[in-house]
Amino acid sequence: MNEMTPPKSERAAALKGLGTSRKRVEDARFTQGKGNYVDDLKLPGMLFGDFVRSPYPHAYVKSINTDAAMAVPGVVAVLTAADLEPLGLHWMPTLAGDKQMVLADGKVLFQGQEVAFVVASDRYAAADAVELVEVEYEEQPVLVDPFKAEIEGAPVLREDIADNLEGAHGARRHPNHIFTWEAGEKEQTEAVIGDADVVAEEMIYYHRTHPCPLETCGAVASMDKVNGKLTLHGTFQAPHAVRTVASLISGIAEHNIRVISPDIGGGFGNKVGVYPGYVCAIVASIVTGKPVKWVEDRIENLTSTAFARDYWMQGKIAATKEGKITGLWCHTTADHGAFDACADPTKFPAGFMNICTGSYDIPTAYLCVDGIYTNKAPGGVAYRCSFRVTEAAYFIERMIEVLAIKLDMDAAELRRINFIKKDQFPYQSALGWEYDSGDYHTAWDQALNAVNYKQLREEQAQRLEDFKAGKTRTLMGIGLTHFTEIVGAGPVKNCDILGLGMFDSCEIRIHPTGSAIARLGTISQGQGHATTFAQILASEIGIPADDITLEEGDTDTAPYGLGTYGSRSTPVAGAATAMAGRKIRAKAQMIAAYLLEVHDDDVEWDVDRFVVKGAPERFKTMKEIAFASYNQAIPGVEPGLEAVSYYDPPNMTYPFGAYICVLDINVDTGTADIRTFYALDDCGTRINPMIIEGQVHGGLTEALAIAMGQEIAYDDMGNVKTGSLMDFFIPTSWETPNYITDFTTTPSPHHPIGAKGVGESPNVGGVPAFSNAVHDAFRSFGLTQTHMPHDHWRIWKTANGLGLHD
Amino acid sequence: MEKMHLKLTVNGEQVETLAEPRELLIHVLRERLDITGPHIGCETSHCGACTVDMDGKSVKSCTVFAAQANGADITTIEGLGNPDGLHVLQEMFKEHHGLQCGFCTPGMITRAYRLLQENPDPTEEEVRFGMAGNLCRCTGYQNIVKSILAAAAEMNAAKEAAQ
Amino acid sequence: MIPAAFEYHRPDSVEDAVKIISDHGDEARVVAGGHSLIPMMKLRMTGLSHLVDLQGIGGLKGISVDGGTVTIGAMTTQHELIADDQLAASAPIIREAALQIADPQVRYMGTIGGNVANGDPGNDMPGLMQCLAATYTLVGPSGERTVSAREFYEAAYFTAREDDEILTSISFDASASGYAYEKQKRKIGDYATAAAGVLISKDGGSCSAASIALTNLADTPIYCEEAVAKLVGSSLSGDDISAAVAAAVGASDPSEDNRGPVEFKKHAAGVVVRTAIERAIERA
């Protein structure tokens, strides 16, 4: 190193690479109202599409009369299933191997189902015409309760496949039954449970809810008939998959389709699926020759696109008298609504629900999931979680609490004695996963110490005494959770969606002056990819993050990838980014050696340059190397400095965390005041601590919503009761507490930079922490289980049922 | 339905446009005037993504008819700052990670602008109460609150320095 | 959520406004802040074809306190109610209640007239006005009349106001009573799960006057005469308060909705009434 060379640490800091709380590059446009979301797009001659939707949850469509609607000034077309049928587009394949009506084909199966698509000059004319489409329905008996789906006389919902008792995931035992999926050892587990000292059994229900990003779903389809090209802008969390699906179902060659995901106003799983609105916009554009925009309103969003959860999980957990868990059994009844449109990897119809052994060393386990059709909206998406991981985490974290009650043991201690130990990693779970790394005991102790757990329990005991003495009407609840996630889908050997392997990709071009552009197969919906992926790259290739442009979302320019959901961007695309960076560096090394006139092996990497080993004053910076790659004829080396990596991860990653929620419940009003929420996350290597913290705050607030009030509720007649933000609970700044965040760092051994992903941890871990706190408040009065959401009246009802109002 | 002649002042400029009386202010801004900063989130006046400043009041422009707004003086996120000089709220939202997907941000900042006009030195509780008409799905509000408090401090420091 | 077309009117006098709504019958509606009406129009749940905007009528805004009588123009917004210090001195319960209505943006637009006139059982001001024994001034084709808030509400969205009348102002006596408006809600901005307004005056050790009214615990607001009778003249002992609470709960008639079943709402009613009475006593 010569005198002019700044020290390593200074040079590293200038890169704003891994571990830096780099400010976000996205924010300049967002804070100035210059984001570019799909509804901001205006193309010349653009038309607007709007749906006629079914008011009935189950009915035959006897006739549709569009005359009056067509007479509204500005109306260009009204599409019905009959118009789509010749194109074969009146039905479409779902991501789960089922098919779904694009427009009602003779019958409707849920309230809000798409019946006809009005295309007009603007949204006002379209809305006027929607009102005038006359649909004659013949109502049918409604199936709302999945446990009544297979009883004698139950209405058959899917007459289209009633006789087909072999589904996409094996045998179907009834027309309303979709699949049975099993993992683990049934007989062995039942034997263990039969012989156990202690068995706790409970039904754990994770209610139906919805991701409800602030921006609803939408698309603008533009068919250029002259050139035969279709451009589709839309709210797509997986733009490449949409392109492939659009090609397969429309017959338009894939190279003639360009899918663009512009800025996306939050996704949380809502924007993974393909919806009738997208298909209708495409068809309408083909029919009219003009661009067609479709953007759903909030009621449509909540009632028709992508619910989440709705898992009834019957559990049994067996243990020794001392509390060592010996077996776990779970049967899940999964309410999938009218079509199986879950966005899971193909081979996993219940997602990764088999992570339900959680953070614990459980030697024997069995899981069985039955998917059921009901007269409800389709979906089953991973709402800010990896596929069904939230359900799994809630299940095991409730079962642990239920077991602690049965054993009369402290739930923190019960967890501690059952954690997988640090030296057991890589750990083979009884339900088939290989956990990559973890140090649960360290995280747990750090968490319990941080909140002063022992003192909290003493305070709780005192409160209980005061309550019994009539001095207070509040109870204190301490909600514990230690969750383990499985994210980063995933290895192509077992993870695909519609046959597309779930790898991801990064392509890098270094410009002659030493700045760069990188393109990825993912798409940010607020995660800040343009900021963080540049940081990964900065550390790999020694070019400052500020000099690297990140692009995603345009299938004409970005390399193929499976998109952003299930916390897969960092584990998969982040890895691809690092690997592509390493290819750049490998070539840079050859160029540097040539320029320095030494052998390739005689130079070594030093933050932002290659130096000659033993002669640090002789070096070439990446800036110099970049320029040389464009202006020097180097023997045996192609000009330019570019690389692409398609990364197929060898395993999933397994982030984990320890969350503790303390709240006070007023037994008379049913209100719960959150006093403390402490969240320790271990997401492996931390790329941008500021962004991690932001992700945790946001995910915890979603968890707060879900646990404490948010639901998609249906009445007995199949009507949606919570279809607008009046009733669908989203907390404001007033209801949301300040969170305390903390971390440990256990890198993933198989990820190039050791990162595991964090976006979904707080939702996965947050829900059981809030819920456990509510349950814990009532533990002394004999409560073992009550269902979410814990809104005021349900908490009150719990208190009432326990005799606390007598 | 016959269109009416609307005259508005938007971000300091006089603008005129034709619109049906029933058109919602948010649609007039976004579709007729190409001001796409304010967004449509819920359409039932719960989320605040469409918040603009109208005659010195924060309003949800999805629940105001164009006809009602006729003659009004409106400021949107686009009128608060520009690339050469951001409003301190815009700076502080960037500085304190007060946004993620950015969809709520224009409404959030526009609302915070009015809040600080009325209460230049709010407590955290006052910020949380005063921002309760704006929903965010990404941030959990913690950094939004931090950004607004930081902006208030900056604005007050600047005021003091000027005196 | 796109409203159907309508003809827009912005009259500059009450007389003109009355004439327009008289001419068009039930196809015409007046709009003040619009935050109840416009969402309904967007859901196409109203069939109106003439919208009469009152914002151009200067005389409908403002708060005055004159010789112990408070008069509030119908077009006065919740925000203006909260900001008015004279009102806060004369009837502090108004600020306390208005701060619990909706959110800041809605309070800038939402008016007291709109809140009391449309008969939505979820609105807070009707119960509060019953508590304050307010009178409403209505102007119609045949002139002006007044109606007591306690007589005004007939059923959900049905009131004593005729279709061709406009509610122009509200008046009530300034009060030095102890006061409280207590509201339980699912989250900030929501309608009440249960809410109660209470005024209490003390004379020596006993209660000289009281008023209790409930919000969203029936299809109209409820003035709790029987509960008031339990307090007036009493020493406001624990038993007296319990008797009043029981009477108020007895007067409530909530229905089940997403906020909870009837038995919960009745329990919540008991809690808010008790809390409000206790706080009002403290302040009396």
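This is a predicted model: local features need pLDDT of at least 70, side-chain atom pairs count only at pLDDT 80 or more; totals for chains, interfaces and linings use all residues.

Reader: Why is the pair B:Asp53 and B:Arg114 called a salt bridge?

Author: The closest N and O atoms of B:Asp53 and B:Arg114 are 2.8 Å apart. The cut-off is 4 Å between a side-chain nitrogen of Lys or Arg and a carboxyl oxygen of Asp or Glu, so the pair qualifies. The count between domain 1 and domain 2 of chain B is 1 salt bridge, alongside 7 residue pairs in polar contact. On the domain 1 side, β3 (51-54) and β4 (57-60) of chain B each give two or more residues.

Reader: What makes B:Lys60 and C:Asp103 a salt bridge?

Author: Their side chains meet at 2.6 Å, N to O. β4(B) gives the largest share of chain B's side, 4 residues.

Reader: How do you know that chain B and chain C bury area between them, and how much is it?

Author: Buried area is the accessible area that two parts lose on being put together, summed over both. For chain B and chain C that comes to about 2,700 Å², 64% of it on carbon and sulfur atoms, so the term applies. B:Arg22, B:Phe65 and B:Gln68 supply 25% of the area that chain B buries there, more than any other three residues.

Methods
Residues are numbered from 1 along each chain as its sequence is written. Chains are lettered from A and ligands numbered from 1 in the order in which they are written. Side-chain values use heavy atoms; hydrogens and water are left out. A polar contact is a pair of N or O atoms within 3.5 Å; within protein, one must be able to donate a hydrogen and the other to accept it, and residues adjacent in sequence count only if both atoms are side-chain atoms. Buried area is the accessible area (1.4 Å probe) that two parts lose on being put together, summed over both.
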